Every structure is written in structure tokens, then in C-alpha cells.
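This report walks through a structure made of protein chains. Start with the view below, then read on for the details.

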Amino acid sequence: MISMLYFVVESMGSFCSRQQPLNEVDSDENKQAAEIDKRIDRETKAEQHIHKLLLLGAGESGKSTIFKQIRLLFQTGFDEAELRSYTSVIHANVYQTIKILYDGAKELAENEPNSLKYVVRTDNKEIGENLSEIGSRMESPCLTKEIAKEIATLWNDTAIQETYSHGNILQVPDCAQYFMENLERFSEVNYIPTKEDVLHARVRTTGVVEIQFSPVGESRKSGEVYRLYDVGGQRNERRKWIHLFEGVTSVIFCAAISEYDQMLFEDDTKNRMMETKELFEWVLKQSCFEKSSFMLFLNKFDIFEKKVHRVPLNVCEWFKDYQPMGSGKQEVEHAYEFVKKKFEELYFQNSKPDCVDRAFKIYRTTALDQKLVKKTFKLVDETLRRRNLIEAGLL
Amino acid sequence: MPQFQQHASWRLEGGGQVIDLETAVKDGILGGGGLPTGKDGTLGAAAEKLDLKKMIEGLDSAAEDVPSVFICPISLEPMVDPVTLCTGQTYERANILKWLSLGHLTCPTTMQELWDDAVTPNRTLHQLISAWFSQRYLLGKKRSEDVQGRAAELVQSLKKVKGQARVEAIKELQKMVVAHPSLRNALADSGGVALLSSLLGPFTSHAVGSEVIAILVNLSLDSDTKASLMQPARISLVVDMLNEGTIDTKINCTRYIEMLMAEKSFRCEFMLSLSLLVALLRLAKDKRHPNGIAAALSLLEAICSHEQVRSSLVSVGAVTQLVELLPNLSPEGSVPALHILDDLSTIPEGLSALKDCPQTIPNTVRLLMRASEAGVQYALSILWAVCRLAPDECASLAVEAGLPANLLLVIQSGCNPELKQRAAELLKLCSLNYTTTLFISKCKLTRTIQ
């Protein structure tokens, strides 16, 4: 669009400076109008061949991680400058994490019946208070070796460990363990974040980000062109999505299935899974998605796997009719199939009859695992290509 | 075995084929290919050892033309033990002896009276017959071994190759399995089936998955294999392919699931997802592919026999979709659809969906005329259930649709007594709101319209 405007302006300028008889002026104008029309036509056609994928989902469902993975897989990835830019983010994440844990321990010590186990050791208390204060600042200081040591000490406190394992009622981020385990590396003087670090880094997305990419096929031929949009997930940002809704090829809805026992960041009385359920229902009802395929990514399977044994699914109201059948790997599969079925039911309940032809597929993902994301995306790509062929009547 | 020196060429009756014993033995009558022969040109010991009778039975005689001179004129079968009469005609020993024992003293083909009742074994002919059948038998065996060898090769290659090469290998294997039934058991024994099953998983591409299912659906699998195929991830994969594949893939997937459902260990609450039901309904409505419709209805009929799934079926709008499908089905084709609707009428949601759908009564009534006895039974059952639920509205609809005339025909037809009774009860139900004269006039009117 912008380049077209430029063209018009340019030609207008040169046009005015010429002296031409009137009838020639007319035909020149027509020629330019025709050129502009052709240009618009070409670019519209080009746009149509770009498949637009919209990442939706509640906050912390893993949308941005998927976004980063796609960048790493199909674009040039992160260059050193960009990696460096994540250093402060990661340091901030570390401070935020330990603050949440320490404050959380204090809260649990006051309110929980079994409070003694949440009481931090006396000699760690000062460290805790100090870190809590740092974590509440807008700008966090650089992570030095000394501070890292203090954080590690606090992390190893049994009260903090106890708090971490009961982190569901607090807002402990899922990657807390990852951050704590890598403190030493993070506090190196010349620390440059790795790809893995960047994937774990937690930045709340505001506004919209997009990337255009083309997954290269097996035959080294360029595949379809995709444009992926990532939007903010928290409640107060949903209105920003609206103007993007028209005509997306596919909605990739991310749902973190490990969150069935956690509360929202924005509203700690609301269960996250219920929030996801309501959001999914809302999205399904939008008329702008009537023709879009729905790819449901049931994300954070790695955390789900471990949690299922500790915390029964029934703590979430949506899953209250769940009946465990055994233990071990079979139980995990059983629980997963149950959750999948719930989402499926929700999908069909909220889809109008004339949307029946819409493609709907469910994928099990762990957004942090690059190989898995690549395999999953290969399947998504195959589905969308087949859809194209079906719609063109070639299949 | 002593042999006479043959002339360089024999001309045989019918066919004009030139045969001499040496070439017949070495090169076969149709040329090409060879038999192992001993140094003196006799038939190789191996050939003799192969039981002629077995070879004759084993050979698909329709596939190749057995030379007419090898056929016994009495039984019209290839001769295992040819004997010659004094007239020079040759017959199967058992047959001609039977003929003679019945008291006939003539040669069956020439009708000449026999001056000598001796039967002489025709060793020459026996050798020719043996040679001919041996050659073909051994060739057939070799071909089958080649096929098995190639199949084994393909299975091995599947362990190593990926991507497009893998898809090609599976495609070739599938074509072979369809063309050579003997492969089906071989594949199971050699671990090919296990390998193919292992290719199915949550990350299997459509290309690979559809070809694997195309093979598996042609095999008869044992219970263990079927149990391993019933893992939820593998079933989900099949449902996805049912949604997205070509018509052949869809039909294969449908038949595949039907095959798995027959197993005792099939757990319907887990296996029969809403996506599957929606996909089957979509297939059943696809007018371009009648065999797809038939396959989908067949599986839905089997699914409906499980009561737990019925409410799920109703929740995805099966009732309306099936009712609207009825006019497009042939009389035989409509039986499964009617059966499904009848099963769905046994649950409250299904029954009210039937009642609410405006096409239920007209479409079902129309089928009463065309359907077989099984179809009539289901149709009557549906109409009975619906009319009993809401007699006032439904009865008048039914009468308008011409039900009474059809019921009269059913009652008058030669169907079983229960059906007649059901029809009579339904007739009574319909007539409740009408005076006798009005009702009779309605019946007559609709009959003349038809």
C-alpha cells in the first residue's frame, strides 16, 4: 500500500512539471490509473496466497513460545544482538520469580494450617527481604555472582521448596526451576542468553507481533507462505485483536493443559482452565472465524504429565466428572484423552451447523521442545496444504 | 524310463501346436522357461515327485488354457492317469472303468464296439501332462516367492527410509498386497504388520498414514495387533484421515474402524469421539460417492448398537442429517439409516429431535412404500414412537403425508404378523382425531395421488 502511494506521489510530481497538450494529459492519466489498478490487483493476489495464522489463547498459554520457536525453525533465528537484548529480561525474570516465591512463602506461613513448613530459616530471612525489594522495582539491577549466590541459598531453603511445590495458588511461573538451575550461568559477566534461555524468557506480549515465513519442504522447494500473528493474552488486551480477525486461514488456539489448578494473573479467584474454556467458547462464536480452520494446541504437556499424578483433574470444575483409572503412563494418557474429549465437546457445542466443514484438529505440544514443535508444525502445514487442494477441487 | 524316439514333430489335433517330447519337457509347450532335466533327457526326478493331482488342483485352470488333448472326454477334467482303449481313444482310468463297469461295451466318443476290453496306460500322454503342469506349477511358485521376496525387501526398507521414499515403499507394498492374497499371511508372520503398526503415531503424516491403513484394512489381524492399534493417538490419526482424505482413504478408514470395533476390547466411550461421528455424517451426506455413503452408514449402524454413544450422535445433529438423507437412498441403502434412526428414537433426546424435524414423517412414510421388510420394520417403529410422543401434531402430519394408505398396504402384504399388528396399531393412532368417513376419504385420496 505504502509503495503504491509513493509511486502515485512521485508520478504526480513529475507530471505537473511537464507541459503537455490536454488530450495527451488525459491518456497519461488513464495509463497511470491502469498501472495502479494492475499493481493493486497483483498485490491483492499475492496477499491471498499468504496463509494467515492467528495465535490465540489465554495469558501464559505458550503462544509467544510457539512464536519464538517458529522464528528459530523457519527464519534466521535470533542474531547476537537480539540474544543480548534478552539478558535484562532474563535477569528480571529471575528476580520476579524469587520474589514471588519468598512473598508466597510468607503468605502461606500466615494463612495455611500447616504453616510451619513455610517459615523461612532465620538467616535467610534478610536475603529474602532484600530480594523481595529488588524484585518490586521497575528496573532490576544486573545479576551479579553475589546476588546469584544469595538467590541460590534462598531457593534451597526447604520453606521455599515447599512453597514451590504448592505454587499453584501463587503466580509462580512454570519456568521457575529452569531459572533457578541456571543462576550461575546467568550471572556470568559475559553472559549471552542461549536460544533455550530465550525460549524460557517471560515477557508479557503487548500489541501484535507478526512474522512471515515459508517452511522449506523436503524437496527443498519453498512451501506455502505463512504469516503468523501473536497477540497479548491477558484479559485487558483482547480488544486489540479485533481488527485482525477478518479472513485468517487458521486459528491456532493454545491452551496450557497443565493449568487446571492455577489461578489467573489478573484475577486470582478465577481458575485458569475455566478462563481458557470461556475464551475458546468466545473465539468459536466469532463470525469472522466461520471459514477458518481451528488448530488446538494442548500445550505444556510435559508439566501436565508430572502434575496429573499429584493433583487430580477434578479440582477444576470443568473436569469434575473425571475418574482416574490407574497410575503410571496409562493414567497420563487417560487424563490427556479426557481433557481432549472435553475440548472436542466444547468445539462441537459452540460451532454452528454450517461450520461443519471447518477443519478442526487437536495437537499435543510442549512448546519448549523444538523438535516437537517442528513435527507438529509439519502436520499443520500438511493439513493446510491439503485443505487448499480440497477447496480447489483437486482432491 | 524307456522312451521311443519321437519324430521331429508331432502335429496335434486342435490348436496346431507342434510338440515333441524333448521340447515339451525342456522348453514347455508355450515356450520359455525350463524344467530341471536329467542327462538323458528324461523328466527330472523333482518333477516326477510333485504329485500331479496336487499340481492340477493347485493351478488355476481358468487362468491358463489346458490343451484339449489333456482333457478326459468323460469328465472334462485334466487326466491324472490316462489310459487308452483299443479304439485309440484315451480317457481317465477311473472314469472309463466306471463306464465299462456299468455294462457299456462301447467307446464313449467313437461309439464303436470294443473288440478288446483292455485299457493301456498312455505313458506318453502322462508325461506330457506332467511336464506341462509341473512347469506351470514351478513357475507359479517362483513368481509367488518373488512376490514374497519383494515384499520382505520393502518391509526391511521401511525401517530405514523416510519421507517420500517411505511413502513410495508403502504404496508399492499396498498394491502387492491387493494383487497377491498369499502375501497377507506372510506379512503377518514376517513382522511386517508390527512394523506397519509402529508407523502409526501422533506425528504420522497423512501421506504415510493413509497408505498404511490401505494395507492394514486388507489383512486379517490378530487380537494383539488390534489391541495395540486401539491406542487413542492411533485412533485419532485415523479419524483425522477420515476427515481429510480422498474418498478411497475415507472408505478404508471407515472399514478399518469397523474391523477394530468387532474386537471385544473395543472401548466405545474412548474410541468413538465426536470428531469421528461428525466425519462419518459428512461422508454419509456426500452425494458424489455412493459407496462412501454406504460405508459410513454401515459403520454408524454398528456404532449405534452401543447405547452410550447414542446421545453423542444426537448432539451432533445426526437425526436431522439422516432424515434429510433418506430420500436420496435406494431401498436397500435406506435400511441402515432407518436402523440408526430407530436406535436413536430409544433415547429421549433422539426422540424429540425426530419429532422436531419436519421431514421425519414425510420421508419415513415415503420409504414404507419402497423399503424391504427390514426397512419397513424400522420405519414403522420410528413412526410409532414419534406419533405416540405427540399424537395430535404428528398424526395429522402423518395422514397428510399419506401414511394410512401405506399402512393398509403393509397390512395387506405378506409380511410377518408383528409388522401387521404394528401397522394396525399405528393406523388406529392416526385415525383417532378423524371421523371414520373423513379418515377413509383421506386414505382414498392419498392412494389415488400415489
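## A covered helix in chain B

The buried residues of H9(B) are His206(B), Val208(B), Gly209(B), Ser210(B), Glu211(B), Val212(B), Ile213(B), Ala214(B), Ile215(B) and Leu216(B). Buried means under 20% relative accessible area; over 50% is exposed, and partly exposed lies in between (1.4 Å probe, protein chains only). Helix H9 of chain B spans residues 206-216, and ten of its eleven residues are buried. Helices (H or I, at least four residues) and strands (E, at least two) are DSSP runs, numbered from the N terminus.

## How to read the model

The model is predicted: local features need pLDDT of at least 70, side-chain atom pairs count only at pLDDT 80 or more, and totals for chains, interfaces and linings use all residues. Residues are numbered from 1 along each chain as its sequence is written, chains are lettered from A and ligands numbered from 1 in the order in which they are written, and side-chain values use heavy atoms, leaving out hydrogens and water.

## The two chains

Chain A has 15 helices and six strands. Of its 395 residues, 48% count as buried. Contact means heavy atoms within 4.5 Å. Among contacts in chain A between residues at least 6 apart in sequence, 74% join residues at least 24 apart.

Chain B has 25 helices and five strands. Of its 450 residues, 47% count as buried. For contacts in chain B with a separation of 6 or more, 65% come from residues 24 or more positions apart.

Helix H17 of chain B covers residues 318-325. Six of its eight residues are buried, so H17(B) is largely enclosed by the rest of the structure. The buried ones are Ala318(B), Val319(B), Gln321(B), Leu322(B), Val323(B) and Leu325(B).

What covers them? Several helices of chain B do, among them H14 (274-284), H15 (290-304) and H16 (307-315). H18 (331-344), H19 (348-356) and H20 (360-370) of chain B are also included.

## A three-stranded sheet

In chain B, three strands form an open sheet in the order S4-S3-S5, with antiparallel pairing. Strands S4 (90-92) and S5 (120-121) of chain B stand at the edges, each with a single partner strand, so one side of each has no neighbour in the sheet. Two strands pair if DSSP finds at least two bridges between them. Strand S3 (residues 82-84) of chain B pairs with S5(B) over two bridges. Val83(B) has Pro121(B) in S5(B) as its bridge partner.

Helix H4 (residues 93-101) of chain B packs on this sheet and touches S3, S4 and S5 of chain B. The direction of H4(B) makes about 95° with that of S4(B). Axes are lines fitted to C-alpha atoms, for helices over the stretch in contact, and angles run from 0 to 180 degrees between N-to-C directions.

## Where the chains meet

The contact takes 21 residues from chain A and 22 residues from chain B. About 1900 Å² is buried between the chains, and carbon and sulfur atoms give 55% of it. Buried area is the accessible area (1.4 Å probe) that two parts lose on being put together, summed over both. In chain A, Phe348(A), Leu379(A) and Arg386(A) lose the most area to chain B, together 24% of what that side buries.

There is one salt bridge between chain A and chain B. The side chains of Glu244(B) and Lys361(A) form a salt bridge (3.6 Å, N to O). The term means a side-chain nitrogen of Lys or Arg within 4 Å of a carboxyl oxygen of Asp or Glu. On the side of chain A that touches chain B, H15(A) gives the largest share, eight residues.
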